[in-house]
Amino acid sequence: MSVCTKVFGTMKDGHEVTLYCIQNQNGMTAEVMDYGAILVNLLVPDRKGEVDDIVLGYDKLEDYYVNGCFFGAVIGPSANRIAKARFSIDGVTYQLPVNDNGNNLHLSLIHISEPTRHSLI
């Protein structure tokens, strides 16, 4: 496995966003940026060895600022709709923010797809 880095773009505040390229021995490459841990490209070889990108995404950082479809975004910490924005574990009820017609969708305490992550290789 190999890992490389390159600058994907520069945010409005001047912070550089890094794209991490992770490749395995079979020629599969995942490209993930540290702006929200967004998966930008997933390059996969087919049976003939031809490589294609199999995820939807954008070519420029600026397009992710208004990523209404959340292409490549990390969803969490829950990845579903929680009815009435509350749940119970061991008799303890937890109230979540209401953000989807009286329900909670993907928790959304913060936009997990937006903050820049600090990474070590």
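# Surface, sheet and core of a predicted chain

Visitor: What does the accessible surface of the protein chain come to?
Guide: About 8200 Å². Carbon and sulfur atoms account for 54% of that. Keep in mind that this is a predicted model.

Visitor: And how many of the residues count as buried, in percent?
Guide: 27% of the 121 residues in the protein chain.

Visitor: Which pattern does the chain follow along the sequence?
Guide: It reads β-β-β-β-β-α-β-β-β-β. That is one helix and nine strands.

Visitor: What about contacts between residues at least 6 apart in sequence? What share joins residues at least 24 apart?
Guide: 35% of them do.

Visitor: On to the open sheet. What order do its strands have?
Guide: S1-S2-S3-S4-S5, five strands with antiparallel pairing. The edges are S1, residues 2-10, and S5, residues 51-53. Each of those two pairs on one side only. On average, neighbouring strands in this sheet are turned by 20° against each other, ignoring direction.

Visitor: What holds strands of a sheet together in general?
Guide: Strands pair through backbone hydrogen bonds, in a parallel or antiparallel way.

Visitor: How many bridges join S1 to S2?
Guide: Eight, and the two strands run antiparallel. Across that pair, lysine 6 stands opposite leucine 19 in S2.

Visitor: How many for S2 and S3?
Guide: Five, again in the antiparallel sense. S2 covers residues 16-23. Here leucine 19 stands opposite methionine 33 in S3.

Visitor: Which residue takes a positive phi in the hairpin of S1 and S2?
Guide: Glycine 14, with phi near 95°. That hairpin has five residues between its strands.

Visitor: And in the hairpin of S2 and S3?
Guide: Glycine 27, with a positive phi near 90°. Five residues sit between the strands there too.

Visitor: Let's stay by S3. Where does threonine 29 lie?
Guide: In strand S3, which spans residues 29-33.

Visitor: Is threonine 29 buried or exposed, and why?
Guide: Buried, because its relative accessible area is 10%, and the cut-off for buried is under 20%.

Visitor: What does its side chain do?
Guide: The side chain of threonine 29 makes a polar contact with the side chain of glutamine 23, at 3.4 Å.

Visitor: Which residues does threonine 29 touch, not counting those up to four places away?
Guide: Cys21, Ile22 and Gln23, plus Asn41, Leu42 and Leu43.

Visitor: Change of topic. Which residues make up the largest nonpolar core?
Guide: There are 11 residues in all: Phe8, Met11, Val17, Leu19, Cys21, Met33, Tyr35, Ile38, Val40, Leu61 and Tyr64. S2 supplies the largest share, three residues. S2 and helix H1, residues 61-64, each give at least two.

Visitor: Pick phenylalanine 8. What is it in contact with?
Guide: Leaving out neighbours within four places in sequence, phenylalanine 8 is in contact with Val17, Thr18, Leu19, Met33, Val40, Tyr58, Asp59, Lys60, Leu61 and Tyr64.

Visitor: Which of those belong to the core as well?
Guide: Val17, Leu19, Met33, Val40, Leu61 and Tyr64 are among the core residues.

Notes: Residues numbered from 1 in each chain as written. Predicted model: local features only at pLDDT ≥ 70, side-chain atom pairs only at ≥ 80, totals over all residues. Heavy atoms only, no water. Helix = DSSP H or I, 4+ residues; strand = E, 2+ residues; numbered from the N terminus. Buried < 20%, exposed > 50% of the residue type's maximum accessible area, 1.4 Å probe, protein only. Polar contact = N/O pair within 3.5 Å; in protein donor to acceptor, adjacent residues only side chain to side chain. Contact = heavy atoms within 4.5 Å. Pairing = 2+ DSSP bridges. Axes fitted to C-alpha atoms, helices over the stretch in contact; angles between N-to-C directions. Areas by Shrake-Rupley, 256 points an atom, 1.4 Å probe, with all protein chains shown as cover. Core = buried A, V, L, I, M, F, W, Y, C linked by side-chain atoms within 4.5 Å.
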